[in-house]
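Take a walk through this model with the sequence and the 3D view side by side. We will go from ring contacts to charged pairs, then to a helix and a surface patch.

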Amino acid sequence: MKKLLAMLALAAGPALAEEVVTYDTDQSFDDVTFGLENAIIDAGLVIDHVSHTGDMLERTRADVGSDVVIFDHADIYSFCSAQLSREVMEADPMNVMFCPYDIFVMVRHDAPEITTIGFRAYPEGEMQKIHDLLDGLARTAIGLD
């Protein structure tokens with residue numbers, strides 16, 4: 001049985017002071033991304049894009065004059081839900097700013113035994129539908145649901 005290291009953490013991000021929801025696990029990066037891909041597809045959603053942010057940062061590290069390795073792995077999955085997006089945007093057209101929805105999976109270089117999956121927290125009100133969707137997908141990806 002895979003050991004869950006931490007259940008839930010809410011923390012303010014340093015740049016935008018936004019809250020983020022994260023789950024840490026000792027599962028491998030590949031297992032977590034596989035679980036996330038399956039959770040998204042099983043929910044009837046389509047992955048629009050996978051941003052390989054960790055690869056990009058590593059590939060350009062020397063070019064920007066850095067010797068700091070931040071991630072061993074870091075990908076961001078982008079997708080949308082036509083039904084839920086319509087609901088939240090009919091309630092407030094400005095909710096368009098939140099679409100597409102993203103879930104990240106990362107392994108920090110300084111903590112290679114921990115894989116983190118997470119997403120930015122959404123505001124109260126209609127966007128809690130999206131928050132709940134993302135939370136369910138992240139939890140399913142690591143076997144919590």
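How many aromatic pairs does the count come to? The count comes to 2 aromatic pairs. Keep in mind that this is a predicted model.

Start with F98 and Y122. Their rings form an edge-to-face pair, 5.4 Å centre to centre, with 65° between the planes. The pair links distant parts of the chain. F98 sits in the loop between α3 and β5 (101–108), while Y122 sits in the loop between β6 (115–120) and α4. The two residues are 24 residues apart. F98 counts as buried, at 12% relative accessibility. Y122 is buried too, with a relative accessible area of 6%.

Now turn to Y101 and Y122. The ring centres of Y101 and Y122 are 6.3 Å apart and the planes stand at 80°, so this pair is edge-to-face. It also links distant parts of the chain: Y101 lies in strand β5, and Y122 in the loop between β6 and α4, 21 residues apart. Y101 is buried, and its relative accessible area is 0%. Taken together, the ring pairs join F98, Y101 and Y122 into a cluster.

Next come the charges. Side chains of opposite charge can pair when their charged atoms come close. Here the count comes to 5 salt bridges.

One of them joins E90 and R86, with 3.2 Å from N to O. Why are these two separated by about one helical turn? Both belong to helix α3 (residues 82–91), and they are 4 residues apart there, so about one helical turn separates them. An α-helix has 3.6 residues a turn, so residues three or four places apart point the same way. Are E90 and R86 buried or exposed? Both are exposed.

Helix α3 also supplies a partner for α4. E87 forms a salt bridge with K129, and their closest N and O atoms are 2.8 Å apart. E87 lies in helix α3 and K129 in helix α4 (residues 128–141), so this contact ties together parts that are 42 residues apart in sequence. E87 is partly exposed, with a relative accessible area of 28%. K129 counts as partly exposed as well, at 33% relative accessibility.

D110 counts as exposed, at 56% relative accessibility. R108 is partly exposed, with a relative accessible area of 41%.

Go back to α4. This helix has 14 residues. It reaches 20 Å from its first C-alpha to its last, close to the 20 Å expected at 1.5 Å a residue. Just after α4, G143 takes a positive phi of about 85°.

Finish on the surface. Which residues form a nonpolar patch there? They are M56, L57, V68 and I70, with about 310 Å² of accessible area together. I70 lies in the loop between α2 (53–59) and β4 (71–80). I70 is partly exposed, with a relative accessible area of 44%.

Terms used: Residues numbered from 1 in each chain as written. Predicted model: local features only at pLDDT ≥ 70, side-chain atom pairs only at ≥ 80, totals over all residues. Heavy atoms only, no water. Salt bridge = Lys/Arg side-chain N within 4 Å of Asp/Glu carboxyl O. Buried < 20%, exposed > 50% of the residue type's maximum accessible area, 1.4 Å probe, protein only. Patch = residues over 30% accessible without salt bridge, like charges linked within 9 Å, V, L, I, M, F, W, Y side chains within 5 Å. Areas by Shrake-Rupley, 256 points an atom, 1.4 Å probe, with all protein chains shown as cover. Expected span 1.5 Å × (residues − 1). Phe/Tyr/Trp six-rings, centres within 6.5 Å; stacked < 30°, edge-to-face > 60°.
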